[in-house]
Amino acid sequence: LYLSSVQSLDPLPMHGRDLDVHPEDFMETPDQGQDSKQEILENKDVVVQHVNIQGLGRTKEDLLGYEISDVFHAKNLIDVMKRAHVARQRLLRLGIFKDVEVLIDTSEGTDALPNGLDVTFEVTEVKRLTGSYNTMVGNNEGSMVLGLKLPNMLGRAEKLTFQFSYGTKETSYGLSFFKPQPGHFELSMETECQSNICVSLQFPLGVTNHTLKWEGVWRELGCLARSASFAVREESGHSLKSALSHTVSVDSRNSAIFPSRGALLRINQELAGYTGGDASFLKEDFELQLNRRLFWDSVLSASLWGGMLYPIGGQASCIADRFYLGGPTSVRGFGMYSIGPQSEGDYLGGEAYWAGGLHLYTPLPFRPGKGGFGDLFRTHFFLNAGNLCNLSYGDGPRAHLQKLAECIRWSYGAGIVLRLGNIARLELNYCVPMGVQSGDRICDGVQFGAGIRFL
């Protein structure tokens, strides 16, 4: 951000037409501090007459009107600088400019006022076509991603992205279209593997962030092993899900991976069946996390997850829509998705679940690498618990809670956590599973986990 300095503010004229501002106002004197100089600037009324944008090529000017309009409401020079900086940040957030500079000058021309200012944004547009390659870490899986991006495709911040992902569990490709709307609204449409189409709208509302989404998914359960159970075989084949969902979140954490303070609340509702498809259900789930800094840079973190699935129209819930629990990213000490109903060794998921965790994160003993690489690690002490089951919806809420309170699985242990940037983390824990039920698959001892979302 380039703003002409207060002392020069070139080309402010020193004689004739000016802003009623004189060089003496800005000269350094022994008895005049920074506060008094700022007060002088704040008391000088100015009018922003023109806001110009230079460097536009394929970008349409009407797209940028909302982002820079607030500059016209500035009342003094300090206010102009602040509002121009905010407008610059908004322009950069559009993702269509590589660089944005701001110049503030006195107004010129026949309509120029004595206290008029012109603000000019000098922008550098991003290239028409960009490519990328990177690796991603999901919940206990990794993948290599190759992508092509066409930013600002039609001149109004539209973005078309193609991605090819080769992973340890699956290979996929996807095409997505993104369109920002005035007022921090974001509209996007995605399709993946020619079987998934998604249209979403994101917007803030007070301290909350909301996402409205419609998703159409063509699903196939196939390539079954010889040992697959009959319960899985009878659900094999194709199915189509068309669902509307709404997600609201409040996030005051200072970090998504190693938060030391703040809280997260995320609530999601999904309704399928009323817009087509052969899956009909109402699904609700939530996530709550609280973090508090203790002594010696240690952090106490508490998490609670839960959700319920209600089949609609007398249908049975589908194995692809149920909840799954267990593994290094949820209830540690158990195998991946190996808690709850199962048939002949195949885990079928459940229609209701809850999971809670209490964690203590501390720096490494003796603080090796403090201020550098060592700060990426934490020691980790945890206590996890949870349960997953199917429900009989004629029994009422009290019976549901009683069933969820039965046969609780829990575990405790300790380990080391490594932060990968601010998007993922690795865990190596020694786990002691407790409350094990018949059919559960446990991991008694060392367990490794990688992911972006941990209990």
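Predicted model: local features only at pLDDT ≥ 70, side-chain atom pairs only at ≥ 80, totals over all residues.

Residues are numbered from 1 along each chain as its sequence is written, and side-chain values use heavy atoms, with hydrogens and water left out.

**Salt bridges**

- The structure holds 14 salt bridges, a salt bridge being a side-chain nitrogen of Lys or Arg within 4 Å of a carboxyl oxygen of Asp or Glu.
- Glu125 pairs with Arg58, with 3.7 Å between the closest N and O atoms; Glu125 lies in strand 3 (residues 116-125) and Arg58 in the loop between strand 1 (47-54) and helix 2 (61-68), 67 residues apart. Helices (H or I, at least four residues) and strands (E, at least two) are DSSP runs, numbered from the N terminus.
- Both Glu125 and Arg58 are buried, where buried means under 20% relative accessible area, exposed over 50% and partly exposed in between, with a 1.4 Å probe and protein chains only.
- Arg219 and Asp321 form a salt bridge at 2.5 Å, N to O, and this pair links Arg219 in strand 10 with Asp321 in the loop between strand 14 (299-311) and strand 15 (342-343), 102 residues apart.
- Arg219 counts as buried because its relative accessible area is 14%, and Asp321 is buried at 3%.
- Glu427 and Arg332 meet in a salt bridge of 3.0 Å, N to O; Glu427 lies in strand 20 and Arg332 in the loop between strand 14 and strand 15, so the pair ties together parts that are 95 residues apart in sequence.

**Cys431**

- Cys431 lies in strand 20 (residues 424-434) and is buried, with a relative accessible area of 0%.
- Among the residues that Cys431 touches, not counting those up to four places away in sequence, are Arg332, Phe382, Tyr412 and Cys443, contact meaning heavy atoms within 4.5 Å.
- Cys431 and Arg332 are 99 residues apart in sequence, yet their C-alpha atoms are 6.7 Å apart.

**The second largest pocket**

- The lining of the second largest pocket is made up of 19 residues, with Leu221, Val232, Ile319, Ala320 and Tyr324 lying nearest its centre. A pocket is an open set of points on a 1 Å grid over the protein atoms alone, where a 1.4 Å probe fits, with protein on both sides within 12 Å along at least five of seven lines, and lining residues have an atom within 4 Å of a point.
- Strand 10 (208-221), strand 11 (237-251) and strand 16 (346-347) each supply at least two residues of this lining.
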